[in-house]
Amino acid sequence: MYQWRKFEFFEEKLGGGKCKIPEEISEKIECCSSGRGKLVIGCDDGTVSLLDRGLNFNFGFQAHSSSVLFLQQLKQRNFMVSIGEDEQISPQQSGMCLKVFDLDKMQPEGSSTTSPDCIGILRIFTNQFPQAKITSFLVLEEAPPILLIAIGLDNGCIYCIKGDIARERITRFKLQVDGVSDKGNSSITGLGFRLDGQALLLFAVTPNSVSLFSMQDQPPRQQILDQIGCNVNSVTMSARSELIIGRPEAVYFYEVDGRGPCWAFEGEKKFIGWFRGYLLCIIADQRNGKNTFNIYDLKNRLIAHSLVVKEVSHMLCEWGYIILIMTDKSALCIGEKDMESKLDMLFKKNLYTVAINLVQTQQADAAATAEVLRKYGDHLYSKQDYDEAMAQYIHTIGHLEPSYVIQKFLDAQRIYNLTNYLENLHEKGLASKDHTTLLLNCYTKLKDVEKLNVFIKSEDGVGEHKFDVETAIRVCRAANYHEHAMYVAKKAGRHEWYLKILLEDLGRYDEALQYISSLEPSQVGVTVKEYGKILIEHKPAETIDILMRLCTEDVDLAKNGTSNGAYLSMLPSPVDFLNIFIHHPQSLMDFLEKYADKVKDSPAQVDIHNTLLELYLSIDLNFPSVSQANDGIDFNRPAAPVISRAVSNGKLIVNGNNSYIEKDTLERREKGLHLLKSAWPSYLEHPLYDVDLGIILCEMNAFKEGLLYLYEKMKLYKEVIACYMQAHDHEGLIACCKRLGAYGKGGDPTLWADLLKYFGELGEDCSKEVKEVLTYIERDDILPPIIILQTLSRNPCLTLSVIKDYIARKLEQESKLIEEDRRAIEKYQEDTSTMRKEIQDLRTNARIFQLSKCTACTFTLDLPAVHFMCMHSFHQRCLGDNEKECPECAPEYRSVMEMKRNLEQNSKDQDRFFQQVKSSKDGFSVIAEYFGKGVISKTSNGPMGTVRSASSSGF
C-alpha cells in the first residue's frame with residue numbers, strides 16, 4: 001500500500017466541508033440512512049429527523065417511544081423502514097417494533113405534530129421468533145409493495161419478513177448461520193442482497209464467517225464462503241454486488257463462488273464503504289490513535305484522497321458527496337473534483353499514464369480520452385521517444401485530426417512511424433485520398449513490397465475497400481508498381497483504369513482485348529469507346545471482331561423471332577464507335593462492310609451507308625466531312641505520303657508508279673457505285689442513304705458515274721446532260737438525250753432544245769452533231785424552224801449548209817399544210833354560204849309540204865297531220881304528246897346542244913386547259929381549237945377574270 005501514490009482528487013464541500021448537525025437533533029444519534037435526496041437520522045429518544053442537501057433540518061417526528069435502532073430509506077418509493085423500541089404490551093412480549101412510514105403522506109392538518117403516515121407496524125419477536133439482540137438490518141424492494149426484510153441477531157439467526165406489511169400480508173422465516181465455531185461470537189455483523197439473474201442471494205457476515213444463502217430454494221440453502229469475518233460497520237456491497245469486508249490485515253472481496261481479490265490495507269477498519277467505484281475506508285492507527293479516511297482507486301492503484309478525521313459514528317453517501325458524521329455531531333462533506341481538474345493535476349506532474357488509466361476507468365467520453373492520449377504523445381515526442389509517442393497517437397485515431405500527427409512525422413527518418421500511423425488510419429476506415437497517397441508513397445520509398453502486397457491484397461472479401469481506389473491506382477502507377485495498380489483496379493471493378501494500365505503503360509494489347517471480351521456488353525461498349533483508338537492502331541482485326549460481337553450479338557437468333565427490329569435497337573450502333581477510327585479509315589471501312597453484310601435492317605443503316613460512301617468515294621481514303629473538324633484530331637501526327645493525281649472526265653489518273661493505290665481507289669469506287677445502286681431499290685421512293693450527301697461526295701471527288709446515276713434516278717435530266725456538257729462528251733451527250741428525251745418513254749423532249757442551244761453556243765464546228773440533233777427535233781417536232789435558226793446563228797463555226805436540207809423539208813411541209821388549210825377554208829366558206837341562203841329562204845318564203853306519207857309509219861298521211869320545217873310530216877297520233885320537235889332530227893340536235901354545254905362547262909376548268917396546253921407539242925393549236933369550238937368566244941366571269949369575244953381580241 002505504501003507504494004501507492006496519493007492524490008487530491010476529492011475536496012471538502014458545504015462550507016469547507018466542516019459543518020454541524022442541526023441543533024434540533026439534540027439527542028444521541030443511533031442510526032442514519034440516505035436516499036431520495038435526504039438524510040434520515042434516528043436518535044435514542046425515538047425521534048427521526050430529515051435533513052436536506054445543505055444538512056439543514058427539514059422536519060422531525062416521533063417514530064418510536066423509546067429509541068430508534070435501525071433506519072433504511074427505500075429507493076423506489078419514498079418509504080422509510082425503522083426498527084425501534086416501543087412500550088411493552090406485557091412483560092413476556094418485547095417492545096421491539098418494525099414500522100413503515102410513507103414520507104409522501106403527512107398527518108392531516110390540525111394535528112399537533114408534523115409526522116408522516118405510518119402505514120405498517122410489526123412486532124419483530126414472537127413465540128416462534130424468540131427475542132435476541134439485533135445487530136444488523138437490511139431491506140430489499142423486490143416488486144413494490146413487496147418488501148424483503150432481513151434482521152440479523154447476535155445469536156447467528158436471521159429473521160426474514162417478506163410481503164406487503166401495510167396490508168399485513170407477510171410471511172416469516174428464519175435462517176441460521178451454521179459452522180460457527182465460537183457460539184458466543186456468532187452475531188450477524190453484516191448483510192447484503194445480490195440479484196444474480198432471477199436468483200436472489202443473501203450474504204451474511206459474522207466475526208468468524210462469511211455465508212451465502214440461496215433464497216429461491218425452499219428452505220434457503222446455505223453456503224459457507226469463508227471462515228473469517230469482520231465486525232459491525234466493516235461490511236458493504238460494491239456496485240457490482242460484490243461483498244466487501246474489512247479486517248485489520250486487509251480488505252476482502254467475495255463473489256458467489258467464494259473469496260475474490262483482497263487488498264492489504266493494514267489497520268483496523270472502523271468503517272467500510274463504496275462510492276462511484278472507489279473504496280472508502282476509515283482506518284484506526286493503533287500507534288498514534290488517529291483515524292485516517294482513505295479513498296482508494298483500486299483499478300488505478302492510487303489513493304484518491306486521504307484525510308485524518310475525528311471519531312466517526314456514521315458514514316453515508318448522498319448528493320454525490322461522502323458524508324461523515326462524527327460522534328461530536330460535526331459533519332464532513334467530501335466531493336469528487338471534476339475530470340478536468342484531476343487531469344490538470346496529473347499533467348503538471350507528467351503522470352500521463354495515470355491520467356489515461358483514470359479517464360478509461362471512469363468511462364470518460366472518447367474525445368476526452370483522446371485528448372489525454374494526445375498530450376501523452378506530445379510529451380513522449382518531446383522526449384524523442386517516437387515509437388511510444390506514435391503508439392499513443394494511434395489510439396487517438398477518430399478523434400484527433402490526422403494532419404496533426406502526420407506533420408510531426410514527415411521527416412524521412414521517422415517514415416516507419418508515419419507508415420504505422422497511416423496503416424492504422426486505413427484499418428479503421430478513416431483515411432482520405434491524401435492519406436492513401438501518402439501511405440503508398442511511404443511503401444514505395446521504403447521499397448517495402450511485402451507491406452504493399454499486404455495493404456493492397458489483404459482484403460479477400462467483396463466489401464468496400466479501406467482506401468480510396470482511384471488514389472491507390474494512381475500512386476502505384478506513378479511508382480511503376482503496375483501489377484499492384486492492376487490488381488486494385490480489377491478487384492474494384494474499375495475497368496477503365498485496368499485497361500489504361502495495360503494499354504498505355506504496359507502495351508499488352510492482347511491481354512487488354514481478352515479482358516474486354518470478358519466484360520458485360522454494356523461495359524464493353526464504354527471501354528471500347530474510351531480505348532478503341534489505341535486498340536485499332538495496334539490490333540485492328542481483333543478490335544473489329546469485338547465490335548462485331550458487341551453490335552451483332554445474337555442477331556441470328558433474333559431473326560427467328562418477330563421483334564428483330566426491336567432487338568437491334570437495344571444493341572449498340574456502329575455509329576457510336578466511329579470516333580475510334582478517326583486515323584484508321586481502312587479499318588472503319590472493313591468494320592462497316594462486315595456489319596452491313598451481316599445486319600440488313602439496322603436502325604442506323606442510313607448513317608452506315610453515308611459513312612461508307614465517304615470512304616468509298618474519297619480519293620485519299622479519309623473523312624471528307626469529319627476531317628474538317630478539329631475535335632479529337634491530332635494534327636501533330638505525321639502526314640501520309642502525298643501522291644500527285646489529276647482528274648479528267650471523272651477518271652483518276654495516278655502520276656506515279658504506285659499501282660496498288662490506283663487499284664485500291666478504283667475498287668473502292670466500284671463499291672461506291674454498287675452501294676449507290678443497291679441501297680436505292682426500285683420499290684423505294686427514297687434511298688437508304690442521304691441523297692444530298694451522295695451528290696456532294698460525287699462532286700467533291702469527281703465521281704462522274706455516281707453523279708450521273710443519282711441525277712438520272714432523281715429525274716434531274718438537265719443536270720445529267722450538264723455533266724456531259726461540262727466534260728465535252730458530245731457522243732455521250734447525244735446518247736443520253738436519245739435515252740432520256742424520248743417523250744413516249746417518259747422522257748423530257750426539251751433536252752434536245754437544251755442540246756441544240758449548247759451546240760449553238762459552243763463556238764466550234766459541230767456540224768455532224770447538229771445534223772443528228774436536228775433529225776430528232778424534226779421527228780418529234782420539238783422546236784419551230786425560226787427558233788432553230790436563231791439558236792444556231794450564235795455559233796460562227798456553223799454554215800447554212802448544216803440546216804439547208806432541214807429548212808427545205810420544213811418549207812415543203814409547211815407549204816403542204818398551207819394548201820390543205822386553204823382548201824378546208826374554201827369548203828367551210830361554201831358550206832356557210834349555203835346555210836345562209838337556206839336560213840334566208842326560211843325567213844322570207846313559204847314552205848310547201850308535199851309529203852303524202854307519214855315519216856314515222858309510212859302510211860298515207862291524213863288529217864290531223866303535223867308538218868315540221870325540216871320537211872318531215874307525221875300523223876298527230878304518231879307523235880303522241882311530243883308535238884314540238886321532229887322525232888327524226890331531235891337526237892342529232894340534242895347531241896349538238898350537249899356538246900355545246902360540255903364545251904361551255906370545260907371553259908370554266910382553267911386547270912385542265914393549261915394542262916392540255918403544257919402537255920401538247922403545239923400549245924398554240926390547243927388555244928386555236930378552243931377558239932374554233934367557240935368555248936372562249938363568249939364573256940366569262942370565271943375566277944381567272946373576263947375573257948373577251950374573238951372579235952374584240954383582234955382575231
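Predicted model: local features only at pLDDT ≥ 70, side-chain atom pairs only at ≥ 80, totals over all residues.
I started at strands β24 (residues 278–284) and β25 (residues 291–297), which pair antiparallel over six bridges. Two strands count as paired here if DSSP finds at least two bridges between them. Helices (H or I, at least four residues) and strands (E, at least two) are DSSP runs, numbered from the N terminus.

Residues are numbered from 1 along each chain as its sequence is written, and side-chain values use heavy atoms, with hydrogens and water left out.

**Sheets**

Next I traced an open sheet of five strands, ordered β1-β26-β25-β24-β23, and its pairing is mixed. Its edges are β1 (5–6) and β23 (268–275), each of which pairs on one side only. In the loop between β25 and β26 (302–309) I found R301. Its phi is positive, near 55°, and R301 is not a glycine. I jotted down the background: most residues other than glycine have a negative phi, and most peptide bonds are trans.

Then I went to the open four-stranded sheet, β15-β16-β17-β18, where the pairing is antiparallel. Its edge strands β15 (190–196) and β18 (221–226) have a single partner strand each, so one side of each has no neighbour in the sheet. Neighbouring strands in this sheet are turned against each other by 25° on average, direction ignored. For the angles I use axes that are lines fitted to C-alpha atoms, for helices over the stretch in contact, with angles running from 0 to 180 degrees between N-to-C directions. β15 is joined to β16 (residues 199–206) by seven bridges, antiparallel, and L191 has A204 in β16 as its bridge partner.

Where does P219 sit? I found P219 in the loop between β17 (209–214) and β18. The peptide bond joining Q218 and P219 is cis, with omega about -10°.

**Hairpins**

β13 (residues 157–164) and β14 (residues 169–176) run antiparallel and are joined by eight bridges. Y159 is opposite K174 in β14. Four residues lie between the strands of this hairpin, and E168 takes a positive phi near 60°.

I also checked β21 (residues 251–255) and β22 (residues 258–263), antiparallel over four bridges. V251 is opposite W263 in β22, and the hairpin of β21 and β22 has two residues between the strands.

**Helix pairs**

For α8 (residues 449–457) and α10 (residues 482–492) I noted axes that come within 10 Å and cross at roughly 10°. On the α8 side, V449, L452, N453, I456 and K457 meet H484, Y487 and V488 of α10; contact means heavy atoms within 4.5 Å. By class, this α8–α10 contact has five nonpolar, two polar and one charged residues. The classes: Ala, Val, Leu, Ile, Met, Phe, Trp, Tyr, Cys and Pro are nonpolar, Asp, Glu, Lys and Arg charged, and the others, Gly among them, polar.

The axes of α12 (residues 509–517) and α13 (residues 521–538) come within 11 Å and cross at roughly 155°, so I logged α12 and α13 as roughly antiparallel to each other. Y509, L513 and I516 in α12 meet V524, T527, V528, I534, L535 and H538 in α13. That contact divides into seven nonpolar, two polar and no charged residues.

My last pair was α18 (residues 605–617) and α20 (residues 691–700), packed at about 10° with axes 10 Å apart.

**Single residues**

Is S587 buried or exposed? S587, in helix α17 (residues 585–598), is buried, with a relative accessible area of 11%. Buried means under 20% relative accessible area, exposed over 50%, partly exposed in between (1.4 Å probe, protein chains only). Leaving aside neighbours within four places in sequence, S587 contacts I536, P540, I544 and F581.

L55 lies in the loop between β5 (47–51) and β6 (57–62). L55 has a positive phi of about 55° without being a glycine, and is buried at 3% relative accessible area.

Note on methods:
Parallel < 35°, antiparallel > 145°, perpendicular 65-115°, else oblique.
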